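Open your viewer and get ready to click along with this short tour. Each stop tells you what to select and what you will find there.

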Amino acid sequence: MTSDLATADSPVLAVARRAREAAAALAPLPRRAKDTALLAIADALVARSAEIVAANAEDVARAREAGTAESVVDRLTLTDERIAAIASDVRDVAGLPDPVGEVVRGYTLPNGLDVRQVRVPLGVVGIIYEARPNVTADAAALCLKSGNAVLLRGSASAYRSNTALVAVLRDAVVAAGLPADVIQLVPGESRDSVQELMRARGLVDVLIPRGGASLIRTVVENSTVPVIETGTGNCHVYVDAETDLAMAVGILLNSKAQRVSVCNSAETLLVHQDVADAFLPLALAALAEAGVTVHGDEAVLKAAEGGPATAVPATDEDWGAEYLSLDLAAAVVPSLEAAVEHIRRWSSGHTEAIVTTSQAAARRFTQLVDSTTVAVNASTRFTDGGEFGFGAEIGISTQKLHARGPMGLPELTSTKYIVTGDGHVRGEATQTVGGQAVGGVAGAR
């Protein structure tokens, strides 16, 4: 740790130092202590739901007064039902296996040394996120279970919600016998506090940004703290030449319209030309009924003529868009390979789906598409830690280092090696120390 960070007088660095101390106390605790705290958090969220909803209502009112898009307001909003769902997610996390101490690999060397690689907490995890106060509880629960202290820096638009949530969480962990500082809200509503957090290398072990492309890019480009990059979701649904039309319509509608404000909702539809005449009329009618505006290429616009769909010409901007709204880009492609090429050019690397009755096409698509998740005959909406059985996720990583895809508990750990010997020393031959022979180890370099 650098001396300037150790002694600097700053509210942000002060909470980071306290988090580091709390992380050291949390790391060796057994699963029972962490699960007890998690169950206390879940109970407290439900018991104090009215308090949280009241604080959230102030944030929602301010957002609407500021003309915030309804998709963002939806992400911001907490209700008793949503808080109950968050509490349920926390209980699910308590029921998951504790990754800390898990032996990733272990073996005994020919010289008798026992080598084990075991999971350990990362330490202090900073989460920088936008108007999604549910992330506050999800992140705190996952970090606590994996033995990490967490620093939460939500957006100013959710400041009252996050303040209320963190107060509930801290009271609960203290009641369960853990240090309050395992969960902290980073002070300040200005960008200065974010900048300080990004520069707290040596106090903060890793940052995880959750939000739009601009936020993620800012953190990745400006942070001196290591970053696990979560990505935007320009997700694709490709309808193959051999397909079940009804299934394809159902998957498309669920992928696009089940909840539009999340990163795993579909933003682009690609249709093989051999099935376009049969599929597009069905799909466009269903999308129109769901209120979706289609940004289509010439073939899609032609299919939409005289029908109920709202269709406008697509631009290059549309192919790269993460709409997070009732909008969908759509194109007809000549082949599976052309669909893959389109995805390679425009995808954010999040989730792509193929709807097909051909095993060969499914196999080819999954081989060629390089995204965190490739779904075969399933909605893109399944790319989610809860749906994958991880419990609440910390985010969906679109990078290729350390973690990729939905990030659960194991992705919030690192590893260390524990090497156990019996007087082993390294050398090419027997050594003499103080006139006494000591054992050597072959293969020294």
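A definition comes in handy before the start: on a 1 Å grid over the protein atoms alone, a cavity is a set of points where a 1.4 Å probe fits but cannot get out, a pocket is an open set with protein on both sides within 12 Å along at least five of seven lines, and lining residues have an atom within 4 Å of a point. Grid points are joined across faces, edges and corners, and a volume is the space filled by probe spheres set on the points. This is a predicted model, in which local features need pLDDT of at least 70 and side-chain atom pairs count only at pLDDT 80 or more, while totals for chains, interfaces and linings use all residues. Residues are numbered from 1 along each chain as its sequence is written, and side-chain values use heavy atoms, with hydrogens and water left out.

**Stop 1: the enclosed space**

Select R153, G154, Y159, N162, L185, V186 and G188, which line the largest cavity. Its volume is about 30 Å³, and the structure holds one cavity of 30 Å³ or more.

**Stop 2: the open space**

Now show the largest pocket, with about 690 Å³ of space. Its lining has 29 residues, and D89, R132, N134, R259 and D384 are the closest to its centre. Which helix gives the most to this lining? Select helix 6: it gives the most, with four residues. Helix 7 (134-145), like helix 6, supplies at least two residues of the lining. Helices (H or I, at least four residues) and strands (E, at least two) are DSSP runs, numbered from the N terminus.

**Stop 3: helix 4**

Buried means under 20% relative accessible area, exposed over 50%, and partly exposed in between (1.4 Å probe, protein chains only). Just after helix 4, click G67, with a positive phi of about 75°.

**Stop 4: an aromatic pair**

The structure holds one aromatic pair. Select Y238 and F365: the ring centres are 5.8 Å apart and the planes at 15°, so the pair is stacked. Rings of Phe, Tyr and Trp (its six-membered ring) pair if their centres lie within 6.5 Å, and planes under 30 degrees apart count as stacked, over 60 as edge-to-face and the rest as tilted. Y238 sits in strand 7 (residues 235-239) and F365 in helix 16 (residues 359-368), 127 residues apart, so to follow this link between distant parts of the chain, show both elements. Both residues are buried.

**Stop 5: two loops**

Go to L324, in the loop between helix 14 (316-319) and strand 11 (327-333). L324 is not a glycine, yet has a positive phi of about 55°; at 17% relative accessibility, it counts as buried. Finish at N377, in the loop between strand 13 (373-376) and strand 14 (395-397). N377 counts as partly exposed, at 29% relative accessibility.
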